[in-house]
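Please keep the sequence and the structure in view while reading.

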Amino acid sequence: MSHQTVSAVVIHDALKTDTELAFLDVREHGVHSQGHPLFAVPVPLSQFELNIARLVPRTSVTIYLMDQGGRDDLALRAASILKEMGYTDVSVLENGIYGWQEAGYEIFSGVNVPSKAFGEFVEHTYSTPHITAEQLQGRLDAGENITILDSRPYSEYHRMCIPGGIDMPGAELVNRVFENMLDETTPIVVNCAGRTRSIIGAQSLINAGVKNPVMALKDGTMGWYLSGYTTENGADRIAPPPTAEMAEKSGEAAEGFATEIGVSYIEKQDLERLQAQSNEKTIFLLDVRTEEEFLEGHIPQSQHAPGGQLVQATDEYVGVRGATLILIDDKKVRALMTASWLKQLGAHHVYVLSCMSDFELEAGPAFQVEVQKTSEVNVLELDAVIHSGEPIAVIDLSNSLRYRKGHIPNAFWAIRSRLGSDLSFLPPVGLVILTADDVRVAHLAAAEVVATRPEVIVRVLEGGNAAWKNANLKMEMDDTYLLSKADDIWYKPYDNKDKIRERMQEYLDWETALVSQIERDGTAKFKTIDELAHK
């Protein structure tokens, strides 16, 4: 099926305007991380149907699709899916990433690049105070009382942290800091894995008027590790939420700064008017509270986007540049501080919902896209077939890192978007069982397997990999049988155990080089506090 194509020049020019648009990279995350335009949002074709409505909710918005170029057909396939889903303004970048490069535009490696580049911009603009690992250890050795606040989600903190660090993720810093500081003289050091959340977290406390000396740990946990210091594994020190008195103090601090730079509230009736125009404006309802609070009760159609992560990885929650973002928080502190950063990021219209209690809430996880199901087998049936010796193939469509850490014995691994070509490596079998961490991917892939190998019977493992694990059946590790090239995800520096120090240093060097690269690119709209305060 043919689709409208567009040049790199047209897209680059559009990115410099205030027009709503979605620039989507449909290659796998690992390929995306090797090189992409600054504001290309990764939406891999392998899970495209599961994420597109969340990232691009308005079907009439202008969408530009990008793949590798040359013979790559991922963008054309994505365009066909979008047309079937009712999207009306879809174009494909001529010659994909090669077309962008041939036009002379910047190519960025890595992931969540706009947010990470913004972090470097913040440090460069505001001279955010920092402390090196050596300096911090020296002061601790001298017996100085220093509070170390880890601004990452609990799962990252629990995996590896600075000894003695307390978990206080992202937007929770201003919300909880006054409750957890006994005085206004104890130095505070904010850290994350690398740089961005350390910088944003420290500057958040400074912006909110915290009187304690505040510093970002230079290069975060990676810098600590590279300096030869021991990290702590399995820590569970979580900063408690504020009492009513301290919550009021946090609220006043956040309100004062947010007002200074023009953060606006939106009332229920105004939101409803916007929603009535949802065919003209793209609206995202982003709940920046903790996961526990979100699950207890949230506004329908909102998605959970914890404040610190929303700033750190905006492209994982918002796929439309120039969209309207409504931040939700019953305490307002987290929404106000998150909004202050998103306004400085400069690519969206940002508001804070004035009163969450005006809405009827729903409990449980956010709405998930349903897919058409194919015939299933349960774990006991699959286990019996495996032990029968019949010629079958189990194909795992989870990401390659999850596959390496544990999969059904003798299961093949593949990327859904490449099944058309990579199934040629599958030996002759009469039955194919598809599985995945997200079983919806397996159901989506079933018809594609049938189209490529019409002679086989295709079934999906009921409940996917989770069901197999929960049944305590045997698991296998490592790269046992790869049908596809394992470039589906971006591997974090500490995922590569053989070259962890080398990968960490490369990552930190990459982050610090982003400031000069975004200046050359010319599509970023980062704004300073002074610019916003004087608008």
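## Two residues in one loop

T185 is exposed, because its relative accessible area is 59%, where exposed means over 50%, buried means under 20% and partly exposed means in between, computed with a 1.4 Å probe and protein chains only. T185 belongs to the loop between α9 (172-180) and β9 (188-191); helices (H or I, at least four residues) and strands (E, at least two) are DSSP runs, numbered from the N terminus. When its neighbours within four places in sequence are left aside, T185 is in contact with N212 and P213, contact meaning heavy atoms within 4.5 Å.

T186 is also placed in the loop between α9 and β9, yet T186 is buried, because its relative accessible area is 7%. Not counting residues up to four places away in sequence, T186 touches N145, I146, T147, M181, N212 and P213.

## How the model should be read

This is a predicted model, in which local features need pLDDT of at least 70 and side-chain atom pairs count only at pLDDT 80 or more, while totals for chains, interfaces and linings use all residues. Residues are numbered from 1 along each chain as its sequence is written, and side-chain values use heavy atoms, with hydrogens and water left out.

Strand β14 (residues 324-328) is mostly covered, since five of its five residues are buried. T324, I326 and I328 point one way from the strand, whereas L325 and L327 point the other way, and all are buried.

β14 runs parallel to strand β12 (residues 283-287), to which five bridges join it, and strands are said to pair if DSSP finds at least two bridges between them. β14 also pairs in the parallel sense with strand β15 (residues 349-353), over four bridges. L325 stands opposite F284, and its bridge partner in β15 is V350.

## An open sheet with helices

Elsewhere, five strands form an open sheet in the order β16-β20-β19-β17-β18, with parallel pairing. The edge strands, β16 (376-377) and β18 (412-413), each pair on one side only. Within this sheet, five bridges join β17 (residues 392-396) to β19 (residues 431-435), and A393 stands opposite V432 in β19.

Helix α20 (residues 439-452) packs on the sheet and touches β16, β19 and β20, its direction making about 175 degrees with that of β20; such angles run from 0 to 180 degrees between N-to-C directions, with axes being lines fitted to C-alpha atoms, for helices over the stretch in contact.
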